[in-house]
Amino acid sequence: MRPALQLVAFDTCDQLSTDLRKAAKDSVGPYGFDSFSYEFSRAAPQGARSMADSASASKATPEFSGTNVHEAGVDEPDIVKTDGRRIVTITDGTLRVIDAASKKVTGKLAIDNGYDADLLLAGDRALVLSRGGGTEVVYDSKMPMPSDPELILVDLTGTPRVISRYQGEGTLVDARQTGDTARIVLKRTPRITFPQRPSARTAEDRTEANQRVIDRAGVDAWLPGWKVTTGDTVETGKVACNDVRRPATFSGRSMLTVLTFAMSAPKLDGGRPVSIVADGDTVYGTPGSLYVASDQRWRLDRFPGRDNRTVPQQTDIYRFEVAGAEPPVYRAAGKVPGFLINQYAMSEWDGHLRVATTDRSASSSAVRVLKTDDLTQVGEVTGLGKNERIYSVRFIGPRGYVVTFKQTDPLYSVDLSKPSAPEVTGELKITGYSAHLQPVGPDRLIGIGQEASTEGRRLGTQVSLFDVSDPAAPRRLAQHHLANAYSEAEFDPHAILWWPATELLVVPISGAGALALKVSGSGLASAGEIAKGGQPDAIRRSLVIGDELWTLSHGGLQASRLSTLAPIAFVAN
């Protein structure tokens, strides 16, 4: 049993600043809080709308696909959204509204700092999430620093217009939407100025100099602030000391804040922040829970050159309960050994959270089961993929599927029906690997990744159809390989379209349009390639509205016949 983490409040600002300085001094290295930056994938698979969504839709609105998301009923930010009548995109710093019937752009809105942005859609409102760029380390120089994240609430009735802007501090981790309620997770590194050209010669001396800088920092260096602009009205605020929670141990190198906004409200407000002195990299949401995980990977590069195998590899997980439009309520925290690959490495089912991690110090991977009420561990199965790491995970009800890879690709089938005693029931070894696993019907999985030689050399995009009906003997029924190709879907499952009504799978291929496959119970058949046509660059997303397939590139949107893939129209940006 591994004990759960506990969160408590700080009694005073003095206690907060004292504890944060102490923890930060233990976490800082010769180059500040980060020697290197890491990119963490925000994965999510796609599908058609749920039956409940379809039943509530207007009869005049054709059936349409939604963003490929991890959990039904929980939307995720992406560069395109549709409600079946209009398509809303955010590309190249501009929000565009396209009428699906007339195939015309009906509105454009330039978004400041919108070149790295996603959006959420609820009724006649869009919420644009601009990552800005954040500031992980502040130096004493005159160089311009990246901007902070912004949330922009846009009215889509008539010409799109900005209602409110929320400017936060730090970096945007991720967001989830249930109904018209959006919950945004921000991470703020303390605004502490470290010497850009330290005079100390050794890494240890530079670390000590940085620790002295931390000793002089006030509490405001950590507390997140915000500004909301609505018309000519500007509101500002900062998280209060007694609203910050802390686990028993923490690094002091960042603070997580979860914001809650009703997208139907007249304007944005301060987001009713809930803050924790913790790191966070991965967000996973269900209709009733929001999880934020930190895999502590930063510890590996605190001192370059040290033996990283001796560094404890651990993922901390925080669970919040979510309901309606209320702010999330903290319920539990826990920890597991190893690192996550992405949000799909977590799954809540039947009162338990399943977590798959790779522990490099143990040279293998594992699946662990935690109780959702307190995140204490109740079961585990270890030893997956010796000397390999996880490339993809998918949990479906009482079963889990884990792909590890180094030279060949074992697909493990894991029985999780008994939480206290999970077990590997089957294993399939093939060349290459699946970077994402997509359910495509009962006992069928699509794997999207790379084919590889027996020595592990990547050979191009690979789509595999797996039969997982027999837990003891998963099988690959079919394979489609494109030599020397790769797909955005390999690292961002939002790029995948799975349309069950016609059994159509669409996967974008870099520089070559998109691959369309018909998926049957026993095989894969080419439905043709969707050419770029009038699209000057790579196709990035696909969606269905009625009997039309729409594909998005930076150049615009192309409409094609769903039945034949023949182009109908191109709507340029």
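Colleague: In what order do the six strands of the open sheet with β6 and β15 run?
Modeller: The model is predicted. In it, six strands make up an open sheet, and the pairing is antiparallel. The edge strands, each pairing on one side only, are β6 (117–122) and β15 (233–238), and the twist averages 20° from one strand to the next. The order is β6-β7-β9-β10-β14-β15.

Colleague: Which residue is the bridge partner of Val154 in β10?
Modeller: Strands β9 (residues 150–155) and β10 (residues 161–167) run antiparallel and are joined by six bridges. The partner of Val154 in β10 is Val162.

Colleague: Are the rings of Tyr166 and Trp226 stacked or edge-to-face?
Modeller: The structure holds seven aromatic pairs. For Tyr166 and Trp226 the ring centres are 6.3 Å apart and the planes meet at 15°. Planes under 30 degrees apart count as stacked. The pair of Tyr166 and Trp226 is therefore stacked.

Colleague: How many residues apart in sequence are the parts that Tyr166 and Trp226 tie together?
Modeller: Tyr166 lies in strand β10, and Trp226 lies in strand β14 (residues 225–230). Both Tyr166 and Trp226 are buried. The parts tied together by the pair are apart in sequence by 60 residues.

Colleague: Are the rings of Tyr391 and Phe405 stacked or edge-to-face?
Modeller: Tyr391 is in strand β27 (residues 389–396) and Phe405 in strand β28 (residues 399–405), 14 residues apart. Their ring centres are 5.4 Å apart, with the planes at 85°. Planes over 60 degrees apart count as edge-to-face. The pair of Tyr391 and Phe405 is therefore edge-to-face.

Colleague: Is Tyr391 buried or exposed?
Modeller: The cut-off for a buried residue is under 20% relative accessible area. Phe405 is buried, with a relative accessible area of 4%. Tyr391 has 12% relative accessibility, so Tyr391 counts as buried.

Colleague: Which residue lies over the face of Tyr391?
Modeller: A charge sits over a ring if NZ of Lys or CZ of Arg is within 6 Å of the ring centre and within 35 degrees of the ring normal. At 4.1 Å from the ring centre of Tyr391, the residue over its face is Arg389.

Colleague: How many residues of strand β32 are buried?
Modeller: Strand β32 (residues 444–452) pairs with β31 (residues 433–439) in the antiparallel sense over six bridges. Nine bridges join β32 to β33 (residues 458–467), and these two strands also run antiparallel. Strand β32 is mostly covered, and the count of buried residues is nine of its nine.

Colleague: Which residue has a positive phi in the turn between β32 and β33?
Modeller: In the hairpin of β31 and β32, with four residues between the strands, Gly441 in the turn has a positive phi of about 125°. The hairpin of β32 and β33 has five residues between its strands. In that turn, the residue with a positive phi, about 95°, is Gly456.

Colleague: Which residue in β21 is the bridge partner of Ala293?
Modeller: An open sheet of four strands has the order β19-β20-β21-β22 and antiparallel pairing. Its edge strands are β19 (282–285) and β22 (329–337). Strands β20 (residues 289–294) and β21 (residues 314–321) pair over six bridges. The partner of Ala293 in β21 is Ile317.

Technical notes:
Residues numbered from 1 in each chain as written. Predicted model: local features only at pLDDT ≥ 70, side-chain atom pairs only at ≥ 80, totals over all residues. Heavy atoms only, no water. Pairing = 2+ DSSP bridges. Axes fitted to C-alpha atoms, helices over the stretch in contact; angles between N-to-C directions. Buried < 20%, exposed > 50% of the residue type's maximum accessible area, 1.4 Å probe, protein only. Phe/Tyr/Trp six-rings, centres within 6.5 Å; stacked < 30°, edge-to-face > 60°.
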